[in-house]
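Dear colleague,

I am passing on the structure below, together with some notes on what came out of going through it. Please read the notes with the model open beside them.

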Amino acid sequence: LHGLKRFIFKLFWLLLPFRYATKLTTISQVTKDILIKEVKLDLDIRIIKNCYNDRIFKPCIREYNSQLPTILHVGTAVNKNLSRLIKAITGLDCKLVIIGVLSSHDIELLKTNAINYHNVSNISIEQVYQYYCDADIVSFISLYEGFGMPIIEAHATGRVVITSNLEPMRTVAGDAALLVCPESIDEIRDGILKLMNDNQLRTELIERGFKNALNYSAINIVNQYYEVYNQIFKHAN
């Protein structure tokens, strides 16, 4: 947004609501920092992370396909960094499954690099879960995010994750994912190869992922919001 549209958006969605708010919550330190920079007010902001849908995303046991591993990449917006992933896996024996609408540039890049791929978009959350179940590795090497829910969904499902060493992905993943520089094609490729070839590393990251997902369960997040509202209630009385 630019000019007048940006000012109106900022006024009605940020400045006025924030001026009269008792407390604010946001989903990550990154979004908190952006809000503070934008509104320039002395705000009481608490970070409460997103929860995943634990009624759908449950452990899905599947033997790793060492002959032709499937890499699931969630999202096709520019920040999702699909183009670098395509270049990174060129020549590797794997299948790439992409959730999201592909641009003509993406399609050309996939064809030029002879990538074995499958693309879907506009699917239900149950179908998304099934694609996690069918995957061997989940790619979320974003250049920037507000949070990074696919990391947690993959952890809850029991899939190993390669993600960015940037915030908030680094914090969301904890010690349960392989972190790489999202701007380095070589580092992404090395990370993919490491996950493909190191059985022990995959097992360790998957086990840590199950533990990490517990931090983002619905009941955990609800309790944090309850605490905030309880503080507001006590303050009002």
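Predicted model: local features only at pLDDT ≥ 70, side-chain atom pairs only at ≥ 80, totals over all residues.

The buried residues in helix 1 include Lys10, Leu14 and Phe18, and the helix bends by about 45 degrees at Leu11.

**Salt bridges**

Glu227 and Arg46 form a salt bridge in which the closest N and O atoms are 3.4 Å apart. This pair links distant parts of the chain, with Glu227 in helix 10 (residues 218-236) and Arg46 in strand 2 (residues 45-47), 181 residues apart. Glu227 counts as partly exposed at 39% relative accessibility, and Arg46, with a relative accessible area of 26%, is partly exposed as well.

A salt bridge also joins the side chains of Glu145 and Lys80, at 2.6 Å from N to O. Here too distant parts of the chain are linked, 65 residues apart: Glu145 belongs to the loop between strand 6 (137-140) and helix 6 (149-157), while Lys80 belongs to the loop between strand 3 (70-74) and helix 3 (82-89). Are these two residues, Glu145 and Lys80, buried or exposed? Both Glu145 and Lys80 are buried.

Within helix 9, the side chains of Arg208 and Glu204 meet in a salt bridge of 3.9 Å, N to O, and because the two residues are four apart in that helix, about one helical turn separates them. Arg208 is partly exposed at 34%, and Glu204 is partly exposed at 29%.

**Asn212**

Helix 9 (residues 199-214) also contains Asn212, which counts as buried because its relative accessibility is 9%, below the 20% cut-off. Leaving aside residues up to four places away in sequence, Asn212 touches Ile152, His155, Val172, Ala173 and Ala176. With His155, the side chain of Asn212 makes a side-chain polar contact of 3.2 Å.

How values were computed: Residues numbered from 1 in each chain as written. Heavy atoms only, no water. Buried < 20%, exposed > 50% of the residue type's maximum accessible area, 1.4 Å probe, protein only. Polar contact = N/O pair within 3.5 Å; in protein donor to acceptor, adjacent residues only side chain to side chain. Contact = heavy atoms within 4.5 Å. Bend = angle between axes of the 7 residues up to and from the residue. Salt bridge = Lys/Arg side-chain N within 4 Å of Asp/Glu carboxyl O.
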